[in-house]
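Keep the structure open as you read.

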Amino acid sequence: DGKVRQVPLFVGYRGRLVPQLGFLAACGSLGLDARRIAFAQGRIIIDGKVSLPVAGCNSFLVNYPARWQDSFRHFSYFEIIKSFGRLREGLKPDLDLSVLRGKTCFVGLTAAGTSDFRPVPMENNYPLVRLQASVFNSILTRQFITAAGDIPNALIALLIFAVGLMICRRLSPLKALVGSVVLGAAYFV
């Protein structure tokens, strides 16, 4: 469906691994060296201290904390610059800049019509600067999404098949159709 659910934590460029921005910022915030990594059984171990789950060999499943408007505080870059200028002139700033002290800030495009938007599981039009912040947040809070694996997925599929089969065998065709649609909708939700 084209939704961004995972990102590579590293991309190869000219013979070396380049870390993804949110991952690199999280490593810096935690005092870890993002160049010191090891891959082991579905995990990346960073600097011998922190372990992250990965899908495949390098894909990180992004845990989006909430919808765009509700997830992280966001400020207009123009308002920050304007407030800083007012503060330097001895005037009262429009924005209390102390809320940024000690924080990690991601700067990027969020205006409608710009190209840095993609669909994510929670929204159809999500600014990708928030994707970086979501990766950063997941690593700092250690709130990861891990893949269930093939066996649990197969068991869920078999369970849905068995319930669907029971619905179709025990009900009239019209009721079976309604029951199957309800089952499909419940699985989808």
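**Strand pairing and helix packing**

In β9, tyrosine 126 is the bridge partner of arginine 118. This is a predicted model, where local features need pLDDT of at least 70, side-chain atom pairs count only at pLDDT 80 or more, and totals for chains, interfaces and linings use all residues. Residues are numbered from 1 along each chain as its sequence is written, and side-chain values use heavy atoms, with hydrogens and water left out.

Q: How many bridges join β8 to β9?
A: Strands here are DSSP runs of E, at least two residues, and helices are runs of H or I, at least four, numbered from the N terminus. Two strands pair if DSSP finds at least two bridges between them. β8 (residues 117-120) and β9 (residues 123-127) run antiparallel, and a hairpin of two residues joins β8 to β9. The number of bridges is three.

Q: At roughly what angle do the axes of α1 and α4 cross?
A: Axes are lines fitted to C-alpha atoms, for helices over the stretch in contact, with angles from 0 to 180 degrees between N-to-C directions. The axes of α1 (residues 21-30) and α4 (residues 128-141) come within 7 Å. They cross at roughly 40 degrees.

Q: Which residues of α4 make the contact with α1?
A: Contact means heavy atoms within 4.5 Å. From α1 come Leu21, Gly22, Phe23, Ala25, Ala26, Ser29 and Leu30. From α4 come Gln132, Val135, Phe136, Ile139 and Leu140.
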